[in-house]
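Please read it alongside the sequence and the model shown here.

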Amino acid sequence: MKIGLALAGGGASGGAHIGVIRALEEAHISIDMIGGTSSGAMVAGLYASGTSTTEMLTLLPSLTRRHIDIDFALLPRLLRRQYPGGLLRGNRLYQFIETAVEKKQIQDIACPLAIIATNLQTGREVVFSSKECKAPVVTGIADEFHFPLWDNIVEIPLAKAIRASIGIPFVFQPIEIGDMILADGGLVDNCPVRPVRALGADVIIAVDTITPFLRLRGKLMLKVRNLAQQVVNIGLARHAALSALDADIFLAPPVGPIGALDFPRLTSVAELGYEYTKKRIPSILHALSAYSSSDSVQLMSSHQD
């Protein structure tokens, strides 16, 4: 039985994924393949490339505001009718990621990996993967249309795939790869259960930090900034709810309110993810045992047939 892990995006709240992985490893629950969106893509990419949770907890909190390169030429460029698409260039963050993954190519990663981005040019989901990740096909009545649910790319620098996935609209400037203009994968698939299933997972554990974030908030402040953030979170939480239907085990660590770029809190958020998952290990093991037994029964039945 191959176990896949799907990590949702959610800014700095995605640090909880590190704690989840640590708790699963301590319980000897193997992660055979992994996928992520946005901050989930960061953790998934690091893990698949061989970075341990201990190393992540040393590495990721070192992200500081010096990695946030504001485009100070934005206003003059706007006056010249040049629209870069975001306040932050994202170049320093890309360099940070590139160093962290040792400039590896995604196709060279041994652990099956899927990273999600959005092609703003077409509105389609893009799945960067370490091996072929075949998409389900959407077909119209009488075959009036026929297209895969996502576009799959298997040759790209791992750092570039991660940077594309974390391109929060209007915050980070989108990146261009070929004829694609790429932004945050959360626009189309914030918790990539189906892509991880397509990599070959039999059982999928999905981890979402946005849904409990919404539940824990107090009365909504009717300010433009608060409304905009809530609109984004509602969309992400809806994606997560749909993913929960496709996942076999769904975890939602209660990280509480946290800013998308609140990097100094990554360590404490990771601890929350660890404690939350550790308490649920008996339930997770029971669920995995049930799936394993079900697979055995189906296998015996097929042999008897």
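## Terms and basis

Two strands are said to pair if DSSP finds at least two bridges between them, and the strands themselves (E, at least two residues), like the helices (H or I, at least four residues), are DSSP runs numbered from the N terminus. The model is predicted, so that local features need pLDDT of at least 70 and side-chain atom pairs count only at pLDDT 80 or more, while totals for chains, interfaces and linings use all residues. Residues are numbered from 1 along each chain as its sequence is written, and side-chain values use heavy atoms, with hydrogens and water left out.

Strand 4 (residues 113–119) is largely enclosed by the rest of the structure because 7 of its 7 residues are buried, where buried means under 20% relative accessible area, exposed over 50% and partly exposed in between (1.4 Å probe, protein chains only). Leu113, Ile115, Ala117 and Asn119 point one way from strand 4, whereas Ala114, Ile116 and Thr118 point the other way, and all are buried.

Strand 2 (residues 33–37) runs parallel to strand 4 and is joined to it by 4 bridges, with Ile115 of strand 4 as the bridge partner of Gly36. Strand 5 pairs with strand 4 in the antiparallel sense over 6 bridges, and here Asn119 has Arg124 of strand 5 as its bridge partner. The hairpin that strand 4 and strand 5 form has 4 residues between them, and Gly123 in the turn has a positive phi of about 80°.

## Strand 11

Strand 11 (residues 180–184) is mostly covered, with 4 of its 5 residues buried. Strand 11 pairs with strand 4 in the antiparallel sense over 3 bridges, and Asp184 in strand 11 stands opposite Ala117.

Strand 10 (residues 175–177) also pairs with strand 11 in the antiparallel sense, over 3 bridges, and Ile181 in strand 11 is the bridge partner of Glu176. In the hairpin of strand 10 and strand 11, which has 2 residues between the strands, Gly178 takes a positive phi near 65°.

## Ser129

Ser129 lies in strand 5 (residues 124–129) and is buried, with a relative accessible area of 0%. The side chain of Ser129 reaches the backbone oxygen of Lys131 at 2.5 Å. Leaving aside its neighbours within four places in sequence, Ser129 is in contact (heavy atoms within 4.5 Å) with Ile106, Leu113, Ala114, Asn152, Ile153, Val154 and Leu199.

## The second largest pocket

A pocket is an open set of points on a 1 Å grid over the protein atoms alone, where a 1.4 Å probe fits, with protein on both sides within 12 Å along at least five of seven lines; lining residues have an atom within 4 Å of a point. The second largest pocket is lined by 14 residues, of which Val188, Asp189, Arg194, Ser243 and Asp246 lie nearest its centre.

Helix 7 (193–198) and helix 9 (224–246) each supply at least two residues of this lining, and the largest share, 4 residues, comes from helix 9.

Technical notes. A polar contact is a pair of N or O atoms within 3.5 Å; within protein, one must be able to donate a hydrogen and the other to accept it, and residues adjacent in sequence count only if both atoms are side-chain atoms.
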